[in-house]
Structure formats: structure tokens, C-alpha cells
Amino acid sequence: MTQVKHSSRWRVWHRWLSLVFGVQMVLWSISGAYMVFFDIDYIHGDHLIKDIASPVAPTTELASIDAVLAKYPHSQSIELETRWLNNKNVPVYHVTGHQGERVLDAQSLEPIVFSKQDIEALAVRYYALEDPKIASIVYLTDEAPSELNPKLLPIWQVNFDDFGSTSFYLSETSGELLVKRHTFWRGFDIFWMIHIMDYEDRVDIETWWLQGFIIGTFLLMITGVVLLFFTISFKRKPKQGEGA
């Protein structure tokens, strides 16, 4: 009788723990399956972009590096690149320093300011899939969407009308593609949030939520093992009058 009473008490505990922590275990399983099923390169959106870099023609007349340094003496990095402007590749100097970054015309050394039309043309060039259709272009200055690090503001957001609702984020100063997002990345972000139980930044894998639920699942397993022990021992116990 005492054994039945104890098993009943353990069964109540097990049911309550199952109710509280069992749901999260199911969510861990679903989120883990999603993250395993999709290739991480696909989630990163590598299939959405192509390399648009092209070499500068050796016969092109360029301003010297010394001229760049004379005009921008605090430059820490100077890179000769090309940018797609006015339907052609234009040689530019990508200059970075403690005062920020800028792109200069490699011949005149005049700063290049990327217009909305320039950003649209660059986004289409970056887009690797067929028939790119742009749904909208937004210049973000104050508030970043949840899928973007606010430190990257201000930035251009180019949204495509495609299967994955793709969004490209291009630098306002260099025209570079800094971030790419699509529906399956956004789903991954949600499932990652659920999996690590960090509902704000998605970076802390040691939240007190996660630690608490891990302890709770261990308690759930312990009560299950105890109930299994009671069940086995109760079945093995001979009924009164048996074995006579």
C-alpha cells in the first residue's frame, strides 16, 4: 500500500513536470530538426549572390596611391576595386581610416556618392538567381529591422519579389553587400531563438531560462525512471494466494 502511495505521488510530480518542461523538449526537437535539415550555406544565403568583382584594366590611367595619401593622410587602408556605376565597371579606391570609409573615383579622386539608382543596379548585379524583380528599396537611418544589426545603420535595404522574400543590405558609403536575408534564414533565426531560449539577442547560449529548463528536464527524467522502477517492482510482486 505504501508503495502505491509513493508511486502515485511520483506520478503527480512527473505529470506536472511533463506539462511544464515537456513542451520545451518538443520545441527543442523541432528547432533542432530544422537547423539540421537545412544546409548552413543555404541559410546564409550564399546561393543568392554571385561574385561581381572584376579586375581593373592594366591600361587604365589611375591616380597614384601617394596622391590618395596626400588628399587623405589619415587613411589606414587603400584598396583598388571596381564598382558597377552607370552600367559599367568603374575603377575606385576604397579608403578606410579612423574617420570612416569612402569610395573615390580612382582617376579624379572625387568621392562617389551612391544614389538609389546606383544601389538598385548593384543589387541586381549581386543577385544570382534568374529574373531579379525588386519590390522596394528603403534607406534605413534610425530603426533597424530585427534581422539587421543596428550598428550597420545607415544602410540601403533592397527587397526582392521572389520565393524567399530576399533582402539585400548594401553599404551607403561603399556600395558593398553587407548582409543578405531570406525567409529560411528568418525561420532559422526564430528556431535558434527558441532552441537557446535567448529571446532578445540570440547570442547567449547560457541564459538562465535555458539552464533552468535543462535542470527541469533532468528532474522529469528522474521522476520517469522512479516511476519505471515502481511499475516493474509492482508487476513482479506476487499477488496474495499466488505461489502457494
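User: Which residues of helix H5 are buried?

Analyst: In this predicted model, the buried residues of H5 are Phe184, Trp185, Gly187, Phe188, Asp189, Met193, Ile194 and Ile196. The term buried applies to a relative accessible area under 20%.

User: How do you know that the length of helix H5 agrees with its number of residues?

Analyst: Helix H5 covers residues 183-196, which is 14 residues. The expected span is 1.5 Å times one less than the number of residues, and for H5 this gives 20 Å. The end C-alpha atoms of H5 are 20 Å apart, so the two values agree.

User: Why is the pair of Tyr127 and Phe168 called tilted?

Analyst: By the rule for ring pairs, the count comes to 11 aromatic pairs. In the pair of Tyr127 and Phe168, the centres are 6.1 Å apart and the planes make an angle of 55°. Tyr127 lies in the loop between H4 and E4 and Phe168 in strand E6, so the pair ties together parts that are 41 residues apart in sequence.

User: What makes Tyr127 and Phe168 buried or exposed?

Analyst: Tyr127 has a relative accessible area of 4% and Phe168 one of 0%. The cut-off for buried is under 20%, so Tyr127 is buried and Phe168 is buried.

User: What makes Phe163 and Phe184 an aromatic pair, and which parts does the pair tie together?

Analyst: The ring centres of Phe163 and Phe184 are 6.0 Å apart, with 35° between the planes, and the pair is tilted. Phe163 lies in the loop between E5 and E6, and Phe184 in helix H5, so the pair ties together parts that are 21 residues apart in sequence. Phe163 has 73% relative accessibility; the cut-off for exposed is over 50%, so Phe163 counts as exposed. Phe163 and Phe184 also belong to one aromatic cluster with Tyr34, Phe37, Phe38, Tyr42 and Phe191.

User: How do you know that the charged end of Arg181 sits over the ring of Trp185?

Analyst: The charged end of Arg181 is 3.8 Å from the centre of the Trp185 ring. The rule asks for a distance within 6 Å and a position within 35 degrees of the ring normal. The charged end of Arg125 likewise sits over the ring of Trp84, 3.8 Å from its centre.

Conventions:
Residues are numbered from 1 along each chain as its sequence is written. This is a predicted model: local features need pLDDT of at least 70, side-chain atom pairs count only at pLDDT 80 or more; totals for chains, interfaces and linings use all residues. Side-chain values use heavy atoms; hydrogens and water are left out. Helices (H or I, at least four residues) and strands (E, at least two) are DSSP runs, numbered from the N terminus. Buried means under 20% relative accessible area, exposed over 50%, partly exposed in between (1.4 Å probe, protein chains only). Rings of Phe, Tyr and Trp (its six-membered ring) pair if their centres lie within 6.5 Å; planes under 30 degrees apart count as stacked, over 60 as edge-to-face and the rest as tilted.
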